[in-house]
Amino acid sequence: LQREEANYFGAGPAFLPTDVLRQAAYDLFNFENANLGIGEISHRSKTAMKVIDDTKANFKELLNIPDTHEVFFMQGGGTGAFSSVAYNLMANYAKRTGKKGKAAYAVTGGWSKKAAEEAQRLGFDVDIVANGKANNFTSIPPYSEWKAIDADNTAYLYVCDNETVHGNEFNSIPGPEYLPEGVELVADTSSNILSKKVDVSKYGLIVAGAQKNVGLAGLTIYIIKKSLLEQASDDELRALNIPLSPIALSFPVVVANNSAYNTIPIFTCHILRLVTQKLIEDGGIEKKQEQNEYKAKILYEALEKYPSLYKLPVEKNSRSHMNVVFTLPSEDLESAFLAGAAERDLTGLKGHRSVGGMRASIYNAVAIESVEKLVAFVIEFAEKNQ
Ligand code: PLP
């Protein structure tokens, strides 16, 4: 199996390492010489369990996940997590306090906005503690400007660590000066998981759809503080008027069944295993973070050199290392940019339909060489058109 190495900057599903896909393609056909493909085996077989366990172990190793936390996988994508987070953390809060709690959401872009709306739609009380909408999500407001959290009634604070569409990313997490004790920090890291080091101990829950930085669509990664798996009983929840989670999204049920309560997309999990294995072999997160920072630096610097042509809407200290958003002065110039890029085999650069412009997604699997090619084109195009 051969393919040319693409210079693909699509926002997701994202480009994956070619050697991983080659191995996975073979394994889909015949896994470990069993004459059966990985997608054809029972999800409760020893073979499937090993795939799940290895993948979990890789996450634990890469992120240095402490024993206080558990890794599990579910279907439903990032959007499924908007619902699962609310159901499960509220059921845990009811267990902890005997009360129906509320949730604090920082709305810093389209995805956190959707997450907050979903929690509300399901019948939970939501406090929007920060909202970047007034400035089109071009910066993440400093914690000093966020509304204080109602410490006596709030189960969790939800943030989207990297807003894939608007191109902003948190450069620090809320510490004790903002986040009251007992309010759990929840982060959607769908578009930057395993792109940088994180201190997992600071989080109640880290969630990520796999399909951008680490794998294929079909699985969502959850890293949860084990104590949050305790939940009020269904009867207690009904008595408190708290909506019950669908069983397939119930964290304790999924964890008790090693992520295979219902049929896990094991091929997707296998890809996750191969990607994380490769990441470990290639030097781990520190190395990857270094590369990602370098890629983002050279691209932003090239764009900044030509301010009359390229506009970078996101403020410097909120800029994403994964999704570099920029615009050109006219639709004609944007079309010419995309056409010129395509001629040089630089693809996937069109911005999200809701914000327009350009977006270069430079996820883990995008090679430094690909970003260097893009940088060369950014400069060449500017020299001709500024
Ligand atoms: N959260 C973030 C940060 C995303 O980028 C996306 C998808 O792009 C989602 C959530 C939704 O993910 P899904 O399409 O898996 O539901």
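Trainee: Which residue in E10 is the bridge partner of His69?

Mentor: In E10, His69 is bridged to Lys225. This is a predicted model, where local features need pLDDT of at least 70 and side-chain atom pairs count only at pLDDT 80 or more, while totals for chains, interfaces and linings use all residues. Residues are numbered from 1 along each chain as its sequence is written.

Trainee: How do E2 and E10 pair, and over how many bridges?

Mentor: Two strands pair if DSSP finds at least two bridges between them. Helices (H or I, at least four residues) and strands (E, at least two) are DSSP runs, numbered from the N terminus. Here, strand E2 (residues 69-74) and strand E10 (residues 220-225) are antiparallel, with six bridges. Glu70 is found opposite Ile224 of E10.

Trainee: Which residue of E10 does Ile206 pair with?

Mentor: Ile206 has Ile223 as its bridge partner in E10. Strand E9 (residues 205-209) runs antiparallel to E10, and five bridges join them.

Trainee: Why is E10 described as largely enclosed?

Mentor: Count C-beta atoms, placed from the backbone: a residue is buried with 20 or more others within 10 Å of its own, exposed with 12 or fewer, and partly exposed in between. E10 is largely enclosed by the rest of the structure because six of its six residues are buried. Thr220, Tyr222 and Ile224 point one way, with Ile221, Ile223 and Lys225 pointing the other way, and all are buried. E2 is mostly covered too, with five of its six residues buried.

Trainee: Why is Met49 called partly exposed?

Mentor: Met49 gets that label because 16 other C-beta atoms lie within 10 Å. Look for Met49 in helix H2 (residues 46-63). From C-alpha to C-alpha, Met49 and Ala248 are 18 Å apart in space, and they are 199 residues apart in sequence.

Trainee: How many residues are in the largest nonpolar core?

Mentor: A nonpolar core is a set of buried Ala, Val, Leu, Ile, Met, Phe, Trp, Tyr and Cys residues joined through C-beta atoms within 7 Å. The largest one here has 111 residues, and Met90, Ala103, Tyr105, Tyr158, Leu205 and Ile362 have the most contacts inside it. Helix H3 (residues 77-97) supplies the largest share of this core, ten residues. Domain 1 (25-280) and domain 2 (283-385) each give at least three residues to this core; the domain bounds come from an automatic or database assignment.
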